[in-house]
Amino acid sequence: MKANPGGYIALSDIIGRDALARRLWRILERQSLVLTAERRLGKTCIIKKMVEEAPEDKLPIYRDLEGIRTAPEFVETLFQDVQAYLGGLERTAQRVRLFLAQLSGTEVGGVFKLPDIAAPHWKTLLTKIIEDLLEHQDRMVVLFWDEMPYMIYNIKHRDGEGAGMELLDALRSLRQMYSRLRMVFTGSIGLHNVVTSLKREGYANDPTNDMDTVEVPPLTPGDAQELARRLLDGENIQTHNHEGTAQTIAEAVDGIPYLIHHLVDQLVQRGGMVDAVAVDHMVDTCLTDPHDRWHLRHYRERIDIYYSPDERPFALNILDVLSTSSQSVPFDDVFNSLKSRLVTEDSEMVRYVLMLLQRDHYIVQQTSGAFSFRFPLIQKSWKLQRSLP
Amino acid sequence: MRPTFHSRFTPSMMAPETLEALFVQREILAQRILSLVRDSATTSSKHHTLLIGPRGIGKTHFISLMYYRVQAMDDLHDRLLIAWLREDEWGVMSFLDFLLRIFRALLADYRDESLARRVESLYKLGPSAAERAGGLLLKEFVGNRTLLVLMENLDDFFGGLGDEGQKRLRAYLQEHPFITLLATAQNLFNGVSLQTSPFFGFFRIHHLNELTLDDATLLLTKIVNLREDRELASLVQTPLGRARIRAVHHLAGGNHRVYVIFSQLITPDSLDKLVEPLVRTIDDLTPYYQARMAWLSGQQRKIVEFLCDRRHAVAVKEIAKHCFISHQTASAQLKILRQMGYIHSVSLGRESFYEIHEPLMRLCIEVKKHRGEPIRLIVDFLRLWYSHEELQQRWALLQDQDVLERECVYHELRVSEDDTEDPRVAACMKDYNAHVERDDYIHALQVAEELVEIRGDAWDWGSKGYCFGNLELPSEALACFEKALELDPEDEWAWIGRGEALDSLGRHEEASTSFDRAIELDPHKTWALVLRGSVLGGLARYDEALASLDRGIELKPDDAHAWFHRGEILFALGRYDEALTSLNKSIALDSKNALAWVSLGETQGALRRFQEALTSFEKAIQLDPTEVSALEDRAKTLVALGRMDEALEAFDTSIELHPDQAWVWCVRGEVLGNLGRYSEALSSFDKALELDAQSLCVFFYRAEFLLKLGRWAEAKIALNNALRRFAEDDEHIAKHTGGIVSALFMSTRTNPMWQTRLKTLLKLYDNYGLIATLGPGLVESISALKSATISEATARKWRDVWRKLVGDRAEFQLPLRLLDAATRYYATPDQRILLQLPVEERKLVEPLLGVKEPLGA
């Protein structure tokens, strides 16, 4: 098994996601779900694994939605997926065909692309596609839609804020209407970022409040070590102590599989014997790399993109405070530290930004209530980027 | 016939053999990428690699080479297809365009008529239907194989695709993982580096390095081999050839393409053969640099032009002011230009200065700006190529009809009269200093050789000598310093260097004279005073040495070396307290000198402050883990502290690093003996003898340990050998004889055996006139009687044997008296027995008996 940072990972090479997949199937028994995580934490790997290894009573259909620009295009894509499935059963989507015939006044054969005339009726078509799909089998249908927030963002960008919400609402009503239908949304930019901006536009609904939200965790220490060990083997990297080196690699990048691949790849390029010192040195090199090959600078940069001008100074200073503490910091201490950096008595704002930072995977709240960086590696990187002592 | 077509701008047109023949610097990367392609073709994993580097850095060469190498992997033929999108795939504006380019590349390589027909039919569909159908067609055509897509200028390509096209491409790659991408780009771009972009974190990114001077030399060697140009091949190996390559390096800033173009200019050794090809080369290169300018935005171009005009590094503030842009904008644009390899920055304190990365780019742009007047450029170039003197000679030979040359040379001479610094020398000096600063004396020597070739003054010869000296080649260094002094007999640095070389060659008196001469020329030359002090110390002329060092310290009180050598001299004089002060002072000034820590430890050891000594040696080892004296001294100190096991470990570490130190094997043997591991000790001594150890203790310990092992016959020979070799050194023999007598006592318990063996012992000592040393040896052996296993009767028997054998010999009367007292004391530990001895005799025997509270103490 070779290190593969960013590329497509063979299913057999996905380590340590079986328990999570089982948990997600259990959730899907009762409701749909939103799978969230930082970019490159392995969401796509997980859902592809689920699609490949779905239980017999589930029909999984996978689609990457990031290139879709309009709601009708989405419906058309779904139609193609459903047709491909029904074609395999030598069936056709009768309801859709009938509806299209009514619209155009002629019989629609071998439809590859929906006629333009159908575009304004995309919601009706959406319902009919799902009905056609559900009618032809007894299994629960699970639609895995990767990069859903991108699509909503595209639609919003092209047709206005309302169009994105309209689609999300339509999907929710389908979920409510059909008990054998489940949806799995995943996305790298975070659905809440898209929905938040819609809310700012006055939209009050929460279109995913019927779905469970699960955050993809990093690998467990054991699985992370196993991945590192397999990569060391696959790349024929010489070590004094294979298990020890694998453990150091796993710990150094907090069990994040993408970074384990990256780190091993860097070690391959470095050549020679690898030990814990070499691993630590490589991590330090990557954290201070002017080319930012681990893409850690975006943790700083995206504060400017996703946080409003009012929220920004709070976010930056909270992260500065937490990054310089070796232990988790209780709310009062965070607030007090902020007061020595900002002129503020607005504790509610601090609470709100803390919540946003948690949702954006920067920080976590311990059971004691205190806050700390979610990943020590990101904490270290933040300190370095901000030149903090 | 061997293909030799060598394209400077389109490497993709070159034959694979030529690409291989000219490939330098990146073989490891090539192997890595090939292994990833293989992994992608043979497993369901798919790797995506992006190579980043500015134009001319060799990206197309690399991609072309990869294409041919992958094509040659026969075992992948059924598993892999390759679509090589050429460098200038203009007009890709959508995902559909991308699919069509792939089809075009596949059709060019695989000539599948059915695919051609089906691709043609895509044009009958509308764009979105064609895109979908094209996607399905590609998937179908590739089937269960993997498609390797080689693509250049990914940044432009993504720019054309736009956000939407990129998202569609990524979605396609995610849904149909049969494609593996190997792409290049000039710099990191938002399409891959912004967290919100679809391809964020998607590629394994590799930044291509520029050529180093060594790589450039290799590249040029490969070029000349390809051209079978013997003249150039031999020139490249000479200092003159290297100096010219260095000049190109100075101009080209590590750009592969420029080296390839300039390779034709390296050979000509006369100016008339250079100017015309040079003008032609500049003419060739100008469109290339113009094209590079065309890649830039208006604002970026403005900055580059401004930097070209300035001809030196400029601060951001000044750039912003002269380009009428804000400081912030200037910084942002400069960052991009730096990533794209157009400029580089130098930081001084908190300020950054920027200049054009490739001087040649500046020169070529100037040609266009000053039409019809390429003089300044050629003048600049000539100054890099030839010395002022060479040009003067050339000027004298030029005929009236050589108009262009006369004009160029005239300008150069005029410019160089205004500015006497030879730019070639400046380039060499810059590199020389950089190498010396990194302690890289091999490369520094190469530059020094070039300096000798192009200028050849005393400084250059001195530099060459300095490098040889640091490479531990003192004879070569000496020859260089002699040459330097021939050129300038008053060069005090050369006298110093000469002195150092002579010192290394063991010619200390001459070295001292050489330093004297340097001091005569400059009485304030601290370094010479210090070195002279050190050499005089080595000659045991301690007073003169101290005077020289004190003078050095007077001139430069913070000279750590002076304090260090002073400490060493004081140590040698046995003035340990003063030595300690001096060495502490040296360490306070320079705590990184491992040898100073060693000397400090040795001084502390001499003062019996072993624990402190141990810390000092450990500090020295920390600074230089291979410093032999520190390792050995640490081990010896552990022995002194009685920490034998650790000492043994320390000796083993020392031996691992320096296995040829005979005396370390000796001491290790002693330690093993101390630990009762006599056989191992003997092996250690054998190793010491193999290394030609001449130490007395090895021979005596061998005899002693053989005795302890009961190997009497061998012990007898060993003892005879020891006595024969060191008969003159009776003082040391006396010390070791105690061990021998004790071992003999312990070797048996029977009277007859003792008698026989003692007779032999007496005979041996008599033979070498050393009988007087046996008495003290007998006294030393008294401590052996203390052993719990020795009964009172045995002790008495031992005494009686001695009495019998030497009772009548005057030199044994005192030892026998002490032995008798000791025997009786062991039987009845009553101090009154000892009181019967005169006080001076009592004092001798009390420590041997282990009396804790000596009488009259």
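## Strand pairing in chain B

In this predicted model, strands β1 (residues 49–52) and β4 (residues 179–185) of chain B run parallel and are joined by 4 bridges. Strands are DSSP runs of E with at least two residues, helices are runs of H or I with at least four residues, and both are numbered from the N terminus. Two strands pair if DSSP finds at least two bridges between them. The bridge partner of B:L51 in β4(B) is B:T184.

## The sheet and its helices

The open sheet of chain B has 5 strands in the order β2-β3-β4-β1-β5, with parallel pairing. Because β2 (80–85) and β5 (204–207) of chain B stand at the edges with a single partner strand each, one side of each is left without a neighbour in the sheet. On average, neighbouring strands of this sheet are turned by 15 degrees against each other, direction ignored.

Helix α3 (residues 59–71) of chain B packs on the sheet and touches β1, β2, β3 (146–151) and β4 of chain B; contact means heavy atoms within 4.5 Å. The direction of α3 makes about 155 degrees with that of β2(B). Helix α7 (residues 154–175) of chain B lies across β1, β2, β3 and β4 of chain B, at about 160 degrees to β4(B). Axes are lines fitted to C-alpha atoms, for helices over the stretch in contact, and angles run from 0 to 180 degrees between N-to-C directions.

## Chain A

Chain A contains 17 helices and 7 strands. Residues 24 or more positions apart account for 74% of its contacts with a separation of 6 or more.

## Basis of the values

Residues are numbered from 1 along each chain as its sequence is written, and chains are lettered from A and ligands numbered from 1 in the order in which they are written. Local features need pLDDT of at least 70, side-chain atom pairs count only at pLDDT 80 or more, and totals for chains, interfaces and linings use all residues, while side-chain values use heavy atoms, with hydrogens and water left out.
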